[in-house]
Amino acid sequence: MHALRPLTLLLLLATAPAWAIKPFVADYDANWKGVPADARISLQPQDGNRWRYELSVQNAVGSARQVTVFEERNGQLRPLSGSDSAQLLFKKSQKDARYDWTAREARWSGDVKPDRTGPVALQDGDIDGMLVNLAIQRDLASGKPLRYRVVDNGTAHQQTYQAQGKDTLDIGGQKIQATRVVRSDDDRQILVWIAPDLPAPVRIVQRKAGQTELELTLRTLR
């Protein structure tokens with residue numbers, strides 16, 4: 001694992017083509033539930049034009065992992081399966097999702113409430129919560145509206161993000177300009193910083209009722 005080096009990063013910025021799915025492993029300095037943590041986001045190819053997109057976070061109080069397996073079909077990021085697991089002290093949870101595009105329905109199993117097992121009808125363009133980050137990177141690069149129908153946790157709902165300007169962030173001793181993208185919904189707020197030619201978010205902050213629940217800042221990228 002290597003920290004981002006100036007020469008390597010400049011080469012990336014100079015030669016990167018228009019947005020396309022490409023594998024990466026990004027490690028982050030994190031804070032989760034008020035405790036310092038390590039986090040990783042990775043995107044890796046699978047058989048049959050499928051991709052595995054994963055977020056993991058771990059600190060002294062527990063760990064969490066979210067995984068989505070998806071395919072790119074006609075320019076759409078189409079979820080096929082997902083899992084969401086967490087362990088906090090003596091409490092564990094595991095939720096699994098299946099997206100059946102033949103039957104055009106999604107279902108959930110594991111530690112889910114009876115009214116959240118589905119089925120939920122699928123529509124073209126639907127994504128799950130994990131794929132929002134990838135969709136934002138794709139659509140921000142092409143200037144498309146950041147509006148998504150998210151099918152996750154037994155529900156389908158609309159999410160709209162707004163680009164709110166650019167910030168210069170210090171990442172690995174380098175100054176990187178990134179677009180700040182924000183969604184505010186009731187008492188929740190999500191902020192994502194996207195650099196145009198980096199495949200992973202530069203920074204992510206999730207807040208609830210004004211309190212930061214999760215904060216990620218990019219440390220290394222390979």
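These legends describe close-up views of a predicted model.

**View 1. Strands β1 and β2 form a hairpin**. β1 spans residues 24-32 and β2 spans residues 35-46. The two strands run antiparallel, joined by 9 bridges. Asparagine 31 stands opposite proline 36 in β2. Between the strands lie 2 residues. Lysine 33 sits in this turn and has a positive phi of about 55°.

**View 2. Strands β2 and β3 form a hairpin**. Here β2 pairs with β3 (residues 50-59) through 10 bridges. The strands run antiparallel. Proline 45 faces tryptophan 51, standing opposite this residue of β3. The turn holds 3 residues between the strands. Glycine 48 in the turn has a positive phi of about 70°.

**View 3. Threonine 68 is buried in strand β4**. The strand covers residues 62-73. Threonine 68 has a relative accessibility of 1%, under the 20% limit, and therefore counts as buried. Its side chain makes a polar contact with the side chain of aspartate 128, at 2.5 Å. Leaving aside neighbours within four places in sequence, threonine 68 is also in contact with Trp51, Arg52 and Tyr53, among others. Further contacts of threonine 68 include Pro79, Ser81, Gly82, Met130 and Leu131.

**View 4. Arginine 104 and aspartate 124 meet in a salt bridge**. The N to O distance is 2.8 Å. The pair links distant parts of the chain, 20 residues apart. Arginine 104 lies in the loop between β6 (91-100) and β7 (105-110). Aspartate 124 lies in the loop between β8 (120-121) and α2 (131-142). Arginine 104 is partly exposed, with a relative accessible area of 33%. Aspartate 124 reaches 55%, over the 50% limit, so this residue counts as exposed.

**View 5. Arginine 203 and glutamate 215 bridge two strands**. Their side chains meet in a salt bridge of 2.4 Å, N to O. The pair links distant parts of the chain, 12 residues apart. Glutamate 215 belongs to strand β15 (residues 211-221). Arginine 203 belongs to strand β14 (residues 203-208). Both residues are partly exposed: glutamate 215 has a relative accessible area of 25%, and arginine 203 has 22%. Elsewhere, salt bridges that share partners join Asp29, Asp38 and Arg219 into one network.

**View 6. Aspartate 185 forms a salt bridge with arginine 183**. The closest N and O atoms are 3.5 Å apart. Arginine 183 is buried, with a relative accessible area of 13%. Aspartate 185 is partly exposed at 38% relative accessibility. The count for the model comes to 16 salt bridges.

View 7. Not counting residues up to four places away in sequence, leucine 216 touches Tyr28, Asp29 and Ala30, among others. Leucine 216 also touches Ala39, Ile41 and Leu55. Its contacts include Val202, Arg203 and Ile204 as well.

Conventions
Residues numbered from 1 in each chain as written. Predicted model: local features only at pLDDT ≥ 70, side-chain atom pairs only at ≥ 80, totals over all residues. Heavy atoms only, no water. Salt bridge = Lys/Arg side-chain N within 4 Å of Asp/Glu carboxyl O. Helix = DSSP H or I, 4+ residues; strand = E, 2+ residues; numbered from the N terminus. Buried < 20%, exposed > 50% of the residue type's maximum accessible area, 1.4 Å probe, protein only. Contact = heavy atoms within 4.5 Å. Polar contact = N/O pair within 3.5 Å; in protein donor to acceptor, adjacent residues only side chain to side chain. Pairing = 2+ DSSP bridges.
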